[in-house]
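This report walks through a single protein chain for a reader who wishes to set the coordinates beside a written account. Please keep the sequence and the model at hand while reading.

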Amino acid sequence: MISIKTELLDKYQFDIVLKYPFHVDVARDKYKVKLYYFLPRNLLIDRYNYKEEDFLKDVQNMLHFSVPLISKDKLISEAAFSIRHIEKIIHQSADHRDDKELLQNFEFTVKLFVVSFKEFAQNFLKRAQSGEPIDYALFIKESEEIWSEFRKLKEMLFRFNFVKHRMNVFHYADEYICIFLLSFSYQMLRVKEVQLLKDFIRETLAYQEAAKYPSQIEPDGENEIQVYRMNTFRKYFLNGLFLRPQVNSKEINRAREFSFAIGAAVAMIFATGVAFYFQQVYGQISFMFFAALVVGYIFKDRMKEWVRNYAVEKMVGKMYDVKYELFSDNKAKVGHRTQRLSFMKEEAVPDEILACRQKHKMDAVESEGVGHNIMLFEKHTNLYTEEIERIFNTMGINEVTDILRFNLTGFTKNMEENDRDLYYLYENNIRKVQADRVYHINLVMQFESPEETVFKRYRLVLNKRGIKRVEEIFLD
């Protein structure tokens with residue numbers, strides 16, 4: 001079942017986060033995302049001044065596998081990335097200290113364990129924030145059991161004299177566990193005052209101080225190091241699940257090149273025909289023949305562009321701007337992704353998309369009065385599920401988190417200043433108030449998977465200073 005949500009990151013950036021399952025019983029899974037931007041014309045975002053390369057600067061596309069939510073017992077001894085499995089890798093490495101594959105396997109498994117432990121702890125927080133009754137004693141007890149078992153790995157690493165990379169990986173993991181357990185405990189305290197949580201926080205802080213981890217918060221300091229380490233650790237451990245895109249520069253987009261070749265061929269036929277005709281009528285050496293060649297060349301150049309653009313419009317579903325190959329953390333190819341950007345006329349937009357856009361009476365007024373340009377971003381993702389299953393074997397990973405991050409800085413450059421003066425009558429006196437000038441960008445998203453098609457609509461309310469809010473317009 002697909003999950004879609006939006007997150008406002010700062011005044012210029014927002015995320016659309018999709019979570020969807022993939023299926024190991026088929027060779028490939030295909031997913032399509034189409035995002036229609038309905039842009040007010042006075043923003044001057046159109047095919048002439050906003051190119052595909054501009055859009056690539058404004059959008060980030062992040063894809064990673066989601067670890068399953070598992071129990072305490074599985075995290076300690078049963079899962080393929082459990083503490084017992086890490087112990088097994090350490091024993092295997094004792095006689096093969098420089099084996100790069102074992103080293104990579106150790107680091108990868110620790111990353112998965114830490115991410116899964118974080119998901120385990122975060123689940124308690126999500127339930128508390130949703131108003132569900134929480135057994136805080138159980139959260140503390142099970143978290144301490146998991147963490148205690150993990151810390152025993154340090155003794156094993158010292159016993160086998162692993163003093164380099166493996167010890168660093170352990171210390172990174174241990175410090176990050178401190179960070180997220182403290183963070184979740186503080187957030188749960190904001191939901192409900194529980195003395196057990198306060199005691200757990202004090203014990204964790206004492207351990208953090210004894211271990212001399214630099215991520216300890218300083219009440220009177222700027223704490224920039226703490227935030228930096230927190231973000232760096234988060235990216236480092238989640239890194240094992242990310243799919244790394246690499247632009248496929250060798251593969252030629254045959255549909256695009258074919259359309260260009262058609263344009264060149266038609267233009268050349270026209271120019272050659274003109275040359276042959278006027279040569280036969282006026283002779284090879286004459287002013288009229290020379291003039292005909294010049295005119296023929298001018299029309300040849302324009303005709304090539306006309307035919308190319310016509311072919312592009314007719315082959316729109318088969319063409320893309322860029323293709324990425326997707327690789328896992330161990331550099332195995334696990335899929336590919338294509339994407340493209342285009343501007344459309346309203347009559348070319350599917351009826352179901354227009355129906356989502358014009359859901360309310362004001363929408364029709366806005367379309368008629370302000371007018372809009374329609375920009376379409378398409379992304380097709382193909383996952384090689386057999387290869388994914390081979391790599392992650394028995395780890396229970398069967399879901400993908402797909403993050404589209406948009407930066408709207410470039411959309412604000414042509415906006416007018418924010419404040420306007422408005423007047424109203426109050427007790428027989430005229431008063432002035434300031435009103436904020438805002439712009440609405442409407443987004444309609446269509447997501448297609450092998451099992452379902454989902455439509456979502458969002459309204460971005462923004463001004464010269466950035467995004468004020470992101471609203472979901474609920475559809476029937």
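## Confidence

The model is predicted, and its chain averages a pLDDT of 82, with 81% of the residues scoring at least 70. Confidence is highest in helix 7 (residues 195–210), at a mean of 94, and lowest in helix 12 (residues 361–369), where the mean is 53. Where pLDDT is low, the predicted coordinates should not be read in detail.

Four strands form an open sheet with antiparallel pairing, and their order is 1-2-9-4. Strand 1 (3–8) and strand 4 (59–66) are the edge strands, each pairing on one side only. From one strand to the next, the twist averages 15°. Strand 1 runs antiparallel to strand 2 (residues 13–21), to which six bridges join it, and within this part of the sheet Leu8 stands opposite Phe14 of strand 2.

Strand 6 (residues 322–327) is largely enclosed by the rest of the structure, because six of its six residues are buried. Both of its faces are covered: Val322, Tyr324 and Leu326 are buried on one side, while Lys323, Glu325 and Phe327 are buried on the other. In a regular strand the side chains alternate between the two faces of the sheet.

| Strands paired | Bridges | Sense | Residues opposite each other |
|---|---|---|---|
| strand 1 and strand 2 | six bridges | antiparallel | Leu8 and Phe14 |
| strand 5 (residues 244–247) and strand 6 | four bridges | antiparallel | Arg244 and Phe327 |

In soluble globular proteins, nonpolar side chains tend to be buried together. Here the largest nonpolar core has 105 residues, and those with the most contacts inside it are Leu18, Tyr37, Phe113 and Phe117. Helix 6 (residues 165–191) gives the most to this core, contributing 14 residues. Apart from it lies another core, of ten residues, among them Val349, Ile353, Leu376 and Val444.

Which residues does Leu18 contact, leaving aside its neighbours within four places in sequence? The contacts of Leu18 include Ile2, Ser3, Ile4 and Val33 from one part of the numbering, and they also include Val400, Thr401, Asp402, Leu404, Met445 and Phe447.

Once residues up to four places away in sequence are set aside, Arg166 touches Ser93, His96, Arg97, Asp99, Leu102, Leu103, Phe106 and Leu157. The C-alpha atoms of Arg166 and Ile90 are separated by 9.1 Å, although these residues lie 76 residues apart along the chain.

## Cysteines

A disulfide is a covalent bond between the sulfur atoms of two cysteines. With sulfur atoms within 2.5 Å as the criterion, the count of disulfides comes to zero. Cys178 is buried, with a relative accessible area of 0%, and Cys356 is likewise buried, with a relative accessible area of 10%.

Note on methods
Residues numbered from 1 in each chain as written. Predicted model: local features only at pLDDT ≥ 70, side-chain atom pairs only at ≥ 80, totals over all residues. Heavy atoms only, no water. pLDDT = per-residue confidence, 0-100. Helix = DSSP H or I, 4+ residues; strand = E, 2+ residues; numbered from the N terminus. Pairing = 2+ DSSP bridges. Axes fitted to C-alpha atoms, helices over the stretch in contact; angles between N-to-C directions. Core = buried A, V, L, I, M, F, W, Y, C linked by side-chain atoms within 4.5 Å. Buried < 20%, exposed > 50% of the residue type's maximum accessible area, 1.4 Å probe, protein only. Contact = heavy atoms within 4.5 Å.
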